[in-house]
Amino acid sequence: MRPSLLSVAAVLAVTGTVIRAVFFTPFEAVQGPAQKIFYLHAPAAWVAFLAFGLVAIASVGYLWMRDERLDRFAESSAEVGVVFTTVVLITGPLWGKPIWGTYWTWDARLTLTLFLWFIYVGYIVLRGAIEDRSMRARYSAVLGILGALLIPFIHLSVYLFRTLHPMPIVLKPSAPSLPREMLTTLLISFLSFTLLYAAFLRARYRFAVERDLAEAAADAR
Amino acid sequence: MPDNAIYYHVAYSIALGIYLLYGISLFVRRSRLRK
């Protein structure tokens with residue numbers, strides 16, 4: 001099985017981003033080296049939101065058109081989204097410990113992100129528990145849509161609740177508040193991890209197609 | 001500047017390890033299906 005052009009591009013982009021973040025981006029004066037976790041943490045959060053947002057859109061499409069391709073897309077995007085959310089939930093505490101003095105606090109953004117992870121892990125478990133294909137697609141589409149409703153609350157949680165988590169420094173109405181070198185590294189990392197999401201999604205979708213074909217062939221025998 | 005590089009090394013190792021393992025798992029699952 002040859003790797004796709006997209007996979008190769010994603011691996012090269014992520015490798016280049018990590019090299020730039022580690023060796024060619026300055027340390028932040030107050031937070032020190034731990035601040036570099038930012039270049040993994042924030043893009044992983046963005047990709048997780050993108051992945052679950054697309055799950056919701058594909059799920060609405062499935063409920064409307066009953067097209068199995070949309071169900072497979074939602075299934076694939078949800079699994080990849082869980083991977084990225086896992087990275088968010090691991091890198092966040094590792095950044096929080098040296099800066100806040102604690103790995104975890106039950107504030108709104110952290111707690112809601114954990115709930116988001118639970119919902120989509122539940123989504124994957126639900127899919128595994130239902131054998132009937134159309135019932136599985138329908139039930140998981142509803143859960144996929146409801147889960148994504150958390151995303152705006154998570155993004156706005158720093159405005160809505162008192163939280164330790166800092167305010168957005170890039171995705172906000174005014175100009176980004178980062179030095180140019182750090183902002184460039186951050187934007188590159190957003191692009192490269194989005195590319196990695198696309199490569200994972202494509203491979204996971206292809207797996208779903210081949211699995212369904214194999215199941216259909218087994219049923220026909 | 002605070003000396004907290006260990007957290008960033010651990011975070012990068014775990015995060016990149018997760019991505020690598022997931023990539024391998026996709027490859028293995030597709031390969032198994034084709035056997």
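Start where the two chains meet: the contact takes 28 residues from chain A and 21 from chain B (two residues are in contact if their C-beta atoms, placed from the backbone, lie within 7 Å). On the side of chain A that touches chain B, select helix H3 (68-100) and helix H7 (180-220), the elements that give two or more residues (helices are DSSP runs of H or I, at least four residues, numbered from the N terminus). That side of chain A divides into 19 nonpolar, 3 polar and 6 charged residues (Ala, Val, Leu, Ile, Met, Phe, Trp, Tyr, Cys and Pro count as nonpolar, Asp, Glu, Lys and Arg as charged, and the others, Gly among them, as polar).

A word on what you're looking at: this is a predicted model, where local features need pLDDT of at least 70, side-chain atom pairs count only at pLDDT 80 or more, and totals for chains, interfaces and linings use all residues. Residues are numbered from 1 along each chain as its sequence is written, and chains are lettered from A in the order in which they are written. Colour chain A by pLDDT, the predictor's confidence in each residue from 0 to 100, and you'll find an average of 94, with 98% of the residues at 70 or above.

Next, select Ala51(A), Phe84(A) and Tyr197(A). Of the 62 residues in the largest nonpolar core, these touch the most other members (such a core is a set of buried Ala, Val, Leu, Ile, Met, Phe, Trp, Tyr and Cys residues joined through C-beta atoms within 7 Å; buried means 20 or more other C-beta atoms within 10 Å of a residue's own, exposed 12 or fewer, partly exposed in between). H2(A) gives this core its largest share, 18 residues. Zoom in on Ala51(A): beyond its neighbours within four places in sequence, Ala51(A) is in contact with Ser77(A), Val80(A), Gly81(A), Phe84(A) and Tyr197(A).

Now go to H5(A). Which of its residues are buried? Pick out Ala137(A), Ser140(A), Ala141(A), Gly144(A), Gly147(A) and Ala148(A). Look down the axis of H5(A): its buried residues fall within an arc of 135°, so they line one face of the helix (the arc is that of the directions from the helix axis to the C-beta atoms). They pack against H2, H3, H4 and H6 of chain A.

Last stop, H1(B): select its buried residues, including Tyr7(B), Tyr19(B) and Leu26(B). Their cover includes H2, H3 and H7 of chain A.
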